[in-house]
Amino acid sequence: MLLHLTRPEMLDLWRQHRAFDPLRHDASVVRQDGIDIDSLLVAEMEKWYLDLLLTAPTTLLKVADIAASVMLTPADDSGGTVISLPPDIVRVVDVRLSSWVAPARVVTSPDSAVARRQLHPYTRATAAMPVAVFDGSSLRLYPASTASDFPAMLRCVRRVDGEYDFDEAALAGVAPLG
């Protein structure tokens, strides 16, 4: 089941999965030595969630199709088409232009061999096997789009601050402290 949680709700769930029982409401404990368990748990929780967004199978994540909300920028000096992505995009799952035969292979390292091959016209991808290079803020698409092209599909994982969207099965890997 897909969960949509706010930060306080996620922190409560994180406490339960890390073997911190819900706090009693009939007692209050205050410490003055500077240890703030909640801030430690929030930091651990944020690290876990970002790792989940970047590496988990997409079946455990909320994936949004943003194809209708992006614009294609004509071919640049590298021979590819550029799509500027919203700042909350952390992962590109699938991308396809209307003229392509198949979805693109998404590459996340602009320095990889596959990405570097796109800079030369003789080694560049084709419409049958396109390549998309994601650098964190934009997406370079190879081969370049035509004048009548439009994004047919652009499925992404978003990271909205203070919100947590994932399948509850992802918590199975969270081990209690001990």
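1. Helices α1 (7-17) and α2 (37-55) pack at an angle of about 95 degrees, and their axes lie 10 Å apart. That makes α1 roughly perpendicular to α2, a label used for angles of 65 to 115 degrees. Axes here are lines fitted to C-alpha atoms, for helices over the stretch in contact, and angles run from 0 to 180 degrees between N-to-C directions. Helices (H or I, at least four residues) and strands (E, at least two) are DSSP runs, numbered from the N terminus. The model is a predicted one, in which local features need pLDDT of at least 70 and side-chain atom pairs count only at pLDDT 80 or more, while totals for chains, interfaces and linings use all residues. Residues are numbered from 1 along each chain as its sequence is written, and side-chain values use heavy atoms, with hydrogens and water left out.

2. On the α1 side, the contact is made by Arg 7, Met 10, Leu 11, Trp 14 and Arg 15. On the α2 side, the residues are Asp 38, Leu 41, Val 42, Glu 44, Met 45, Glu 46 and Trp 48; contact means heavy atoms within 4.5 Å. These residues divide into seven nonpolar, no polar and five charged. In that count, Ala, Val, Leu, Ile, Met, Phe, Trp, Tyr, Cys and Pro are nonpolar, Asp, Glu, Lys and Arg are charged, and the others, Gly among them, are polar.

3. Within α1, the buried residues are Met 10, Leu 11, Leu 13, Trp 14 and Arg 15. Buried means under 20% relative accessible area, exposed over 50%, and partly exposed in between, with a 1.4 Å probe and protein chains only. Their cover includes β1, α2 and β10.

4. The largest nonpolar core has 22 residues, and those with the most contacts inside it are Met 10, Trp 14, Trp 48, Leu 52 and Phe 166. A nonpolar core is a set of buried Ala, Val, Leu, Ile, Met, Phe, Trp, Tyr and Cys residues joined through side-chain atoms within 4.5 Å. Two or more residues each come from β1 (2-6), α1, α2 and β10 (163-167). The largest share, six residues, is that of α2. Leaving aside residues up to four places away in sequence, Phe 166 touches a list that includes Met 1, Leu 2, Met 10, Leu 13, Trp 48, Leu 52 and Leu 171. A second, separate core has 17 residues, including Ile 66, Ile 83, Leu 85 and Leu 139.

5. Five strands form an open sheet of mixed pairing, in the order β3-β4-β8-β7-β6. Strands count as paired if DSSP finds at least two bridges between them. β3 (72-73) and β6 (105-107) stand at the edges, each with a single partner strand, so one side of each lacks a neighbour in the sheet.

6. The bridges within this sheet can be followed strand by strand. β3 and β4 (residues 81-84) are antiparallel over two bridges, and Val 82 is the bridge partner of Thr 73. β4 is also antiparallel to β8 (residues 138-142), over four bridges; here Ile 83 has Leu 139 as its bridge partner, while Val 82 stands opposite Arg 140. In β8, four of the five residues are buried.

7. Four bridges join β7 (residues 131-134) to β8, again in the antiparallel sense, with Ala 132 opposite Leu 141. The two strands form a hairpin with three residues between them, and Gly 136 in the turn has a positive phi of about 105 degrees.

8. Gly 80 lies in the loop between β3 and β4 and is buried, with a relative accessible area of 0%. Residues up to four places away in sequence aside, Gly 80 touches Pro 74, Ala 75, Leu 141, Tyr 142 and Ala 144.

9. A three-strand open sheet has the order β2-β9-β5 and antiparallel pairing. β2 (63-65) and β5 (89-97) are at its edges with a single partner strand each, so one side of each is left without a neighbour in the sheet. Neighbouring strands are turned by 20 degrees against each other on average, direction ignored. β5 and β9 (residues 151-158) pair over seven bridges, one of which has Cys 156 as the partner of Val 92. α2 lies across β5 and β9, running at about 15 degrees to β5.

How values were computed: Angles under 35 degrees count as roughly parallel, over 145 as roughly antiparallel, 65 to 115 as roughly perpendicular and the rest as oblique.
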